[in-house]
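Here are my notes on the model, as numbered points.

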Amino acid sequence: VYYRNTIDDTINFQKNYPAFDDLTIIEPPTLSLKDTSNLTLGYAKGLKGLIFVDLGDWKLPERGIIKRADLILNKIDSDTISAFVIDSYPLESEILFGSFAEFENDPYNVDYSNLATASVTSREIKFNHRKILRSIGKQSKSNYGFKIEASMINNPFNDVSFYNLSASEYF
């Protein structure tokens with residue numbers, strides 16, 4: 001299967017696909033208020049999240065060890081999805097955190113070697129970032145926050161929403 005998208009005789013996208021099954025090209029789903037006002041992750045919509053965990057000037061004591069370093073996100077109650085896998089990566093450079101923003105290309109570089117993957121349970125998701133937190137505590141890495149996104153193994157048309165910082169239910 002060969003797919004080519006052109007506008008005014010300019011090629012915008014050109015790709016070859018092996019034909020194992022039917023191929024359907026669709027327009028991305030539209031974003032809702034829920035998508036932009038909460039921390040919503042979804043592959044088809046291209047929704048990703050940025051989280052900053054303020055550690056101040058914390059340092060890991062000499063010969064200190066970290067048993068667990070869980071980053072916990074609480075799922076919005078009305079969201080019924082389960083068995084949804086999410087990837088979390090430490091950011092590699094300082095960024096400005098703010099409200100929802102839309103980008104054509106992802107401008108945030110991540111450290112793929114410190115990937116943490118977790119599945120959504122009934123009410124929450126827990127990422128164990130022990131490895132990167134140890135490096136941050138020993139000051140061999142800097143804390144710039146984390147980028148979280150839906151894993152490619154999920155149904156691309158499903159998304160999941162988590163409470164944001166203004167939610168009084170968990171803060």
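1. Two strands pair if DSSP finds at least two bridges between them; helices (H or I, at least four residues) and strands (E, at least two) are DSSP runs, numbered from the N terminus. Val85 stands opposite Ser119 in strand 7. Strand 6 and strand 7 run antiparallel and are joined by four bridges.

2. On sources: this is a predicted model, in which local features need pLDDT of at least 70 and side-chain atom pairs count only at pLDDT 80 or more, while totals for chains, interfaces and linings use all residues. Residues are numbered from 1 along each chain as its sequence is written, and side-chain values use heavy atoms, with hydrogens and water left out.

3. The open sheet consists of four strands in the order 4-9-6-7, with antiparallel pairing. Strand 4 and strand 7 are its edge strands, each pairing on one side only. On average, neighbouring strands are turned by 25° against each other, direction ignored; the axes are lines fitted to C-alpha atoms, for helices over the stretch in contact, and angles in general run from 0 to 180 degrees between N-to-C directions.

4. Lys48 has Glu149 of strand 9 as its bridge partner. Strand 4 (residues 48-51) has Gly49 and Ile51 on a covered face, and Lys48 and Leu50 on an uncovered one.

5. Which residues touch the most other members of the largest nonpolar core? Of its 20 residues, they are Leu73, Ile86, Ile125, Phe127, Ile148, Val160 and Phe162. A nonpolar core here is a set of buried Ala, Val, Leu, Ile, Met, Phe, Trp, Tyr and Cys residues joined through side-chain atoms within 4.5 Å; buried means under 20% relative accessible area, exposed over 50%, and partly exposed in between (1.4 Å probe, protein chains only). Strand 9 gives the largest share of this core, three residues.

6. Leaving out residues up to four places away in sequence, Phe162 touches, among others, Leu39, Leu41, Leu73, Ile76, Ile86, Val120 and Ile125, where contact means heavy atoms within 4.5 Å.

7. Helix 2 (residues 130-137) has Ile132, Leu133, Ile136 and Gly137 as its buried residues. Seen down the axis of helix 2, these fall within an arc of 140°, so they line one face of the helix; the arc is that of the directions from the helix axis to the C-beta atoms. The buried residues of helix 2 pack against strand 6 and strand 9 (146-150).

8. A second, separate core has five residues, including Tyr89, Leu91, Ile95 and Tyr108. Tyr89 is buried at 8% relative accessible area, and Tyr108 is buried at 19%.

9. Rings of Phe, Tyr and Trp (its six-membered ring) pair if their centres lie within 6.5 Å; planes under 30 degrees apart count as stacked, over 60 as edge-to-face and the rest as tilted. The count by this rule is three aromatic pairs. Tyr89 and Tyr112 have ring centres 5.1 Å apart and planes at 75°, so this pair is edge-to-face. Tyr89 lies in strand 6 (residues 85-90) and Tyr112 in the loop between strand 6 and strand 7 (116-119), so the pair ties together parts 23 residues apart in sequence. Tyr112 is exposed, at 59% relative accessibility.

10. Phe103 and Tyr108 also form an edge-to-face pair, with 5.7 Å centre to centre and 90° between the planes. Phe103 is partly exposed, at 46% relative accessible area.
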